[in-house]
Amino acid sequence: MRHLVMDWSESFDVGDPVIDHEHRLLLDLFRSLAEPGAQTDTTTLRARLDQLVALACQHFDHEDSLMRRLHYPGIREHQEEHDALLEQLNKFVALLDEGPDPPPVSAIVEFVGLWILDHIDREDRKLGAYLAGTIGLAMPA
């Protein structure tokens, strides 16, 4: 597995304090998922994946609500990415539940880590820029 830089950095900030806080929580949960103990114990891995799914759903609901309220033009693509992640996480959970040959834990951890970093860097930065522009337009000069 590639080593993923998973310590929070201000370079991950998208400019919205609530979204940035939720990203920090997702990153913290990812780090707990990537701990060696979680990777060798299927029960622990399953529990942490469940927590990640729950937190991701909460975060995605928040972003989706914000995007709808502000008429974000990239909402469809952004929501499709959210849906794709949740679908993949649910597939991982199902594979863990199915039986004696769970998927390679390192593949799950790598997928989740890369997805978080990529999604923040691409889609959430676009959303952050839109929020800054929208708020800037709404604020008196």
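What volume does the largest cavity have? In this predicted model, in which residues are numbered from 1 along each chain as its sequence is written, the largest cavity has a volume of about 60 Å³. Local features rest on a pLDDT of at least 70 and side-chain atom pairs on a pLDDT of 80 or more, while totals for chains, interfaces and linings use all residues; side-chain values use heavy atoms, with hydrogens and water left out.

The structure holds 2 cavities of 30 Å³ or more, a cavity being a set of points on a 1 Å grid over the protein atoms alone where a 1.4 Å probe fits but cannot get out. Grid points are joined across faces, edges and corners, and a volume is the space filled by probe spheres set on the points. Lining residues have an atom within 4 Å of a point. For the largest cavity these are Leu26, Leu52, Ala56, Phe60, Leu85, Leu89, Val112, Trp115 and Ile116. At least two lining residues come from each of α3 (42–69), α4 (75–98) and α5 (105–138), where helices are DSSP runs (H or I, at least four residues) numbered from the N terminus. The lining comprises 9 nonpolar residues, with no polar and no charged ones (Ala, Val, Leu, Ile, Met, Phe, Trp, Tyr, Cys and Pro count as nonpolar, Asp, Glu, Lys and Arg as charged, and the others, Gly among them, as polar).

Turning to the second largest cavity, its volume is about 40 Å³. Its lining is made up of His23, Leu26, His59, Phe60, Trp115, Ile116, His119, Ile120 and Asp124. Helix α5 gives the largest share, 5 residues, and by class the lining has 5 nonpolar, 3 polar and 1 charged residues.

Finally, the structure holds 3 aromatic pairs, counted where rings of Phe, Tyr and Trp (its six-membered ring) have centres within 6.5 Å. In one of them, the rings of Tyr72 and Tyr130 have centres 5.2 Å apart and planes at 65°, so the pair is edge-to-face (planes over 60 degrees apart). Because Tyr72 lies in the loop between α3 and α4 and Tyr130 in helix α5, the pair ties together parts 58 residues apart in sequence.

Conventions. On a 1 Å grid over the protein atoms alone, a cavity is a set of points where a 1.4 Å probe fits but cannot get out, and a pocket is an open set with protein on both sides within 12 Å along at least five of seven lines; lining residues have an atom within 4 Å of a point. Rings of Phe, Tyr and Trp (its six-membered ring) pair if their centres lie within 6.5 Å; planes under 30 degrees apart count as stacked, over 60 as edge-to-face and the rest as tilted.
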